[in-house]
Amino acid sequence: MEVAIISGKGGTGKSSLSAAFATLEGKVVLADCDVDAANLYLLFNPLNEEEEVFVGSQKANIDYNICTNCGYCASFCRFDAITLNDGRIEISEINCDGCALCSRICPENAISMIPGDKSRLYSGSFRYGRMVYGILAPGEENSGKLVNMVRSKAKEESKNNGKCNIILDGPPGTGCPVTSTITGVDKVVIVTEPTLSGLHDLERSVELVKKFNLEKFVIINKCDLNSAVSDQIETWCVKEGINVAGQLPFDENITKAMFNGKSIIEFNPELEISKKISIIWNRIKNQEK
Ligand code: SF4
Ligand code: SF4
């Protein structure tokens, strides 16, 4: 079983819940698909046994043996990636979009395009099985492609480890990396918060998930911050035929657990919040279509 945890925006508690679910599962492949801001590796400190280079885009590179520092290329770059500093032309790897225009207009043919090789895919063991995650270097593109790589690796890890369940901590929003995260999974869990913007984000996430005809669940996190809106969200979900896996109150122990390098279940499984999360995970796992 492959379960993707997503949210309409960042900061809803998606990663904390993914970490808690992985702990409850005991033996799992945990894949961090939020390649622009991967964070689960910081919590679980996995052994990076394998490392692969991900080429997301091309970058312009100057051959200073040929370049005359005429500055011509700088006036054409729409991304302000080329600057003339103290008479020397320089290209910012972070700002370079890889459009290759400079390489075509340089009168000396001093610029070539080379693969951006700073992004990485890591996999290895951690205390609940195997972890896979991608880190997209600043300025690199094609995060959806890196997510696909993370997912392929996660599937391979699952196959090599007794077909254990895969938990995907997805990126926030509804863009291409989210689409790559949820395509073909068995279940999608959307984490939301009780605000009107949270409801709006949830509607957008649900719209996306519906296109893939996937079994979906909603968790209303920090529900007690606005019980009226939490109820409004729950009513909306029921009307839309969406399974509400549960409501979770705000609990500062979740932050405390993170500071201690632990999931909330590891931090204290006897806490009310831990028990509620456990019930929710069982509901998600055991719900049949
Ligand atoms: S246009 Fe070519 S020669 Fe002129 S500064 Fe740019 S890279 Fe150097
Ligand atoms: S490849 Fe495009 S974005 Fe990059 S430096 Fe050249 S002109 Fe600028």
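The shell around ligand 2 holds 11 nonpolar residues, one polar and one charged. Here Ala, Val, Leu, Ile, Met, Phe, Trp, Tyr, Cys and Pro count as nonpolar, Asp, Glu, Lys and Arg as charged, and the others, Gly among them, as polar. The model is predicted: local features need pLDDT of at least 70, side-chain atom pairs count only at pLDDT 80 or more, and totals for chains, interfaces and linings use all residues. Residues are numbered from 1 along each chain as its sequence is written, while chains are lettered from A and ligands numbered from 1 in the order in which they are written.

Ligand 2 is surrounded by 13 residues, the closest being Ala60, Cys77, Cys96, Cys99 and Cys102. A residue is placed around a ligand if its C-beta atom, placed from the backbone, lies within 6 Å of it. Ligand 1 is surrounded by 13 residues. Its closest are Cys67, Cys70, Tyr72, Cys73 and Cys106. Nine of the shell residues of ligand 1 are nonpolar, three polar and one charged.

The chain is split into domain 1 (2–55 + 119–286) and domain 2 (58–115). These bounds come from an automatic or database domain assignment. The domain centres, taken over C-alpha atoms, are 40 Å apart.

The largest nonpolar core has 66 residues. Such a core is a set of buried Ala, Val, Leu, Ile, Met, Phe, Trp, Tyr and Cys residues joined through C-beta atoms within 7 Å. Buried means 20 or more other C-beta atoms within 10 Å of a residue's own, exposed 12 or fewer, and partly exposed in between, with C-beta atoms placed from the backbone. Ala31, Val150, Val189 and Ile219 have the most contacts inside the core. Helix α1 (residues 14–25) gives the most to this core, with six residues. Apart from this core lies another, of 12 residues, including Ala60 and Ile82.

Helices (H or I, at least four residues) are DSSP runs, numbered from the N terminus. In α1, 12 of the 12 residues are buried, so the helix is largely enclosed by the rest of the structure. Among them are Lys14 and Glu25. Just after α1, glycine 26 takes a positive phi of about 85°.

Valine 229 lies in helix α7 (residues 227–239). It is partly exposed, with 18 other C-beta atoms within 10 Å. Not counting residues up to four places away in sequence, valine 229 touches Pro194, Thr195, Leu196 and Leu199. Contact means C-beta atoms, placed from the backbone, within 7 Å.

Methods: Helix = DSSP H or I, 4+ residues; strand = E, 2+ residues; numbered from the N terminus. Contact = placed C-beta atoms within 7 Å.
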